[in-house]
Amino acid sequence: MAFLHNLSDMDAIDREDSLLNGTSSCSVVSSGRQPYLFTLLYKALWPEALERVRTHPSDCHWVGSDGETALHAAFSGCTCHVPLPILEALVKSNPQLVAMKMKDGCTALDSILLSWCDMIRSGQLVPPHEYRLRFQVIYKLVSFCPGEVISEKTLEYLFHFIRLWVDFRDTSDSMLRNHHHLSTNFRHTIGNRISFIFALMDLVLYVYQNKRMRPMDDRPYFNFVNRLLEIRVKHNFPTFVLYLALARFGSNCCQEYDTNGKTPLIHSILSDQFANDSELVTIIKRILQQAPGVASLPYIDGRYPLHLAIERGKRWRTGIEPLVFDSPQILCEKDSRSNLYPFMQASAEQAGLDTVYTLLLLNPLAIPSSQRPLK
């Protein structure tokens, strides 16, 4: 994955080995009062917390009645960025912290995502330099032991954060439209949230690639965009997220088939999850923009996206047009199921006179020679 390239591979392997040797995600509740280290972490007193870890490493082994650890405590607040040395010091003192979960199943990564949700709700703006630092910390955390730090709830929290972010973005855009006097710095901060969400999409991709996050039927998913298309309704995340995913990963994913023999374009055409034809047309255009020529990649049964779209009742203005102009050579291909050229298939499917006429006009040679008018 892209963000792991910036990490030390040997360091990640050493950390993972230390976790695999005797680490358990089950937390044993500690007795006695909560250590002073937790107070320092709650208050974001980072220099004092680092010194406390050095002088009282046993504080890092304390577990609350709800399963809270020092690592959870460090990321419990949303207002302050947790420095990387804090994370490294805590994990060095107790490598098992990475795998420990609270009683509600939350890992430290989940605590970070919930904290980010609070950050968005509070309207806090992340300065351009700070979002990079925040992701540097989260990537480091994930590198320690991905199979343990990613829980069954991580995906839910990721999409919840994205939904909140999109709502905030819409509000911010409205503010910019209505207040042209806003400072350049504010505009720059809003713009950099796009980079923030792109980095988050990297994390979403990594979660899906992790074997613990496969769907219930345990089918592997190699095409991330297809997976987003598949679960977008279930997780109720906006179509805007699909646009981001296409911009981030489209050049590769759009040309790849999943285990069902579908490219993202084919998946979109066969899907019933779009609110209206306009939304589908937008997705089709964005896919074709990212991967020109992908409309010439057939479905597993040999049928092309154009044939599938016609069969699904699409017309020239509701999905046919971008497919034709992306791969016009498909106009000369018969549908393997009906054995009809596209214009014939459109006529049989009652796609409308304008659609049939336009398809025929673009490929008049599809008319059998015996039926062509004499010159």
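Helix 3 and helix 5 are roughly parallel to each other, because their packing angle of about 15° falls under 35 degrees. This pair belongs to a predicted model. The protein chain holds 18 helices and zero strands. Of its 375 residues, 50% are buried.

**Helix 3 against helix 5**

- Two packed helices are described by the angle between their axes and the distance between the axes.
- Helix 3 covers residues 46-55, and helix 5 covers residues 84-93.
- The axes of helix 3 and helix 5 lie 10 Å apart.
- The crossing of helix 3 past helix 5 is left-handed.
- Helix 3 brings W46, A49, L50 and V53 to this meeting.
- Helix 5 answers with P85, I86, A89, L90 and S93.

**Helix 14**

- Helix 14 runs over residues 277-290, which makes 14 residues.
- From first C-alpha to last, helix 14 reaches 20 Å. That is close to the 20 Å expected at 1.5 Å a residue.
- N276 caps the N-terminal end of helix 14. A side-chain oxygen of N276 lies 3.2 Å from the backbone nitrogen of S278.
- The buried residues in helix 14 include E279, L280 and V281. I283, I284, I287 and L288 are buried too.
- R286 is also found in helix 14. R286 has a relative accessible area of 35%, so it counts as partly exposed.
- R286 touches Y243 and L246, leaving out residues up to four places away in sequence.
- R286 and Y243 are 43 residues apart in sequence, yet their C-alpha atoms are 7.4 Å apart in space.

**The loop between helix 12 and helix 13**

- Helix 12 spans 239-253 and helix 13 spans 264-270. K262 sits in the loop between helix 12 and helix 13, and Y257 lies in that loop as well.
- K262 is buried, because its relative accessible area of 18% is under 20%.
- Y257 is partly exposed, with a relative accessible area of 35%.
- Neighbours within four places in sequence aside, K262 is in contact with N226, E256, Y257, H267, L270 and Y299.
- A polar atom of the Y257 side chain lies 2.6 Å from the backbone oxygen of P298.
- The C-alpha atoms of Y257 and L297 are separated by 9.4 Å. Along the chain, Y257 and L297 are 40 residues apart.

- L113 is found in helix 6, which covers residues 108-121.
- L113 has 0% relative accessibility and so counts as buried.
- L113 and T154 are 41 residues apart in sequence. In space, the C-alpha atoms of L113 and T154 are 8.0 Å apart.
- K140 lies in helix 7, residues 128-144.
- K140 is a buried residue, with a relative accessible area of 9%.
- The C-alpha atoms of K140 and L87 are separated by 8.5 Å. These two residues, K140 and L87, are 53 residues apart along the chain.

- Most residues other than glycine have a negative phi.
- A44 is not a glycine, although it has a positive phi of about 60°.
- A44 is found in the loop between helix 2, residues 36-42, and helix 3.
- N339 has a positive phi of about 60° and is not a glycine.
- N339 is found in the loop between helix 16 and helix 17. Helix 16 covers 320-326, and helix 17 covers 342-348.
- N339 is exposed, because its relative accessible area of 52% is over 50%.

Technical notes: Residues numbered from 1 in each chain as written. Predicted model: local features only at pLDDT ≥ 70, side-chain atom pairs only at ≥ 80, totals over all residues. Heavy atoms only, no water. Helix = DSSP H or I, 4+ residues; strand = E, 2+ residues; numbered from the N terminus. Expected span 1.5 Å × (residues − 1). Buried < 20%, exposed > 50% of the residue type's maximum accessible area, 1.4 Å probe, protein only. Polar contact = N/O pair within 3.5 Å; in protein donor to acceptor, adjacent residues only side chain to side chain. Axes fitted to C-alpha atoms, helices over the stretch in contact; angles between N-to-C directions. Parallel < 35°, antiparallel > 145°, perpendicular 65-115°, else oblique. Left-handed = near helix turned anticlockwise from the far one by under 90°. Contact = heavy atoms within 4.5 Å.
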